Every structure is written in C-alpha cells, then in structure tokens.
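Okay, thanks for coming, everyone. Let me put the model up and then walk you through a few things I looked at.

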Amino acid sequence: MTTTLQKNPGVAAKVVYKAQTRLLEGTRSTQCGVSVRKHTALLVDEPAELAGADTGPNPVELLLASLGTCQEITYCLFANVMGIELDSVTVDLKGQMDVRGLFGIDESIPPGFQKITFETRIVSNADAEDIQKLIRLVESRCPVMDTIHRPVDVSGSAFLNGEAISAA
C-alpha cells in the first residue's frame, strides 16, 4: 500500500470502507460478513437493563473497542517506521454516558458519550523520549480518534418497503 501510495497518492489514498448491519430480533443485530470483507458475522446486542439479551457487545462498546484497537494498530505501524520494538500495547477505555439523553428524558443531555477516557500501557525497551514521540504521533494520526474528535459529515437515507421515505 505505501509503495502504491507514493507512486500515485491522488488515487491510492482514497479508500472506502463498508459495513452492513441487519436487525435480527429485539435489540440484537449482526454485521453481515459479506459486507465486512470476508469476515464472519459479529453479534451486537444490548445488556438486559437496556432491553437486550446480552448476546454481544453493544454499539457504544464497539466504538470504544474501535478506538482502542485503532490506537494499538497505529502504535504498531509507527513503531515499525521509527524502529521501536514494542513488547505489548494495551488500551483500557471508559465512556461516560447519561441514558436520559438516549431516551429523550432530558433534552439538554446528548444521547451519546459525554466523555471518553483511555489509558495506554506500553511495554518496550525503548527510551521514554522515543515513546513520547510515538505517543504524540499515534494520538495525532489514529483514524478513529480523529473521526470522533472532529465534526464529520454523516448523511443517510431511509426506505420503507423499497420506497424512499423521509423523516419529515
């Protein structure tokens, strides 16, 4: 990918990722493997206290997991470029949410996370100065962190029985 990117950055840099989800029953949903490349389906559900059957992680837990795993992968990529050996990288994340926003009980409360915190544990023989440079690089280049830090244009459409329908 990097060789192709260097040769033709205008074309090779444009990447589209896709996923497809389908509600199964109740609050349980699945990511269809065909639409997430060739990988098997991932069950997504809510815990019992949110009317789910607790058969898998819920979407906001997956958001936290996406942030953590993206950071870990970004550490691996840039450590390799910088010649830093990493024995391990672990990211512990917490998201604080007030479900009154989700259920519209208090319109002043947003329905999503109000705060996300993480702790990254790195095991390496590299010196602290090199690891600090790596941390700065990862935290400025992690795609998931960037996506949740800045406004991103999100748009969608809905269909009822195959016909386009608006929310208005």
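So, is Glu119 buried, partly exposed or exposed? Glu119 counts as partly exposed, at 43% relative accessibility; buried here means under 20% relative accessible area, exposed over 50%, and partly exposed in between, with a 1.4 Å probe and protein chains only.

Quick housekeeping. This is a predicted model, so local features need pLDDT of at least 70 and side-chain atom pairs count only at pLDDT 80 or more, while totals for chains, interfaces and linings use all residues. Residues are numbered from 1 along each chain as its sequence is written, and side-chain values use heavy atoms, with hydrogens and water left out.

Back to Glu119, then. Glu119 makes a salt bridge with Arg121, with the closest N and O atoms 2.9 Å apart; a salt bridge is a side-chain nitrogen of Lys or Arg within 4 Å of a carboxyl oxygen of Asp or Glu. Arg121 is partly exposed too, at a relative accessible area of 44%.

Glu129 is exposed at 52%, and Lys133 partly exposed at 39%.

Helix 5 also matters for the next bit, the inside. The largest nonpolar core has eight residues: Tyr75, Ala79, Ile84, Val89, Val91, Ile131, Leu134 and Val138. By nonpolar core I mean buried Ala, Val, Leu, Ile, Met, Phe, Trp, Tyr and Cys residues joined through side-chain atoms within 4.5 Å. Helix 3 (59-82), strand 4 (88-97) and helix 5 (128-141) each give two or more residues to this core, and helix 5 gives the most, with three.

Which residues does Val89 touch, leaving out those up to four places away in sequence? Glu72, Tyr75, Thr120 and Arg121, where a contact is heavy atoms within 4.5 Å. And there's Arg121 again, the salt-bridge partner of Glu119.

Zooming out to finish: the protein has six helices and seven strands, and 18% of its 168 residues count as buried.

Technical notes: Helices (H or I, at least four residues) and strands (E, at least two) are DSSP runs, numbered from the N terminus.
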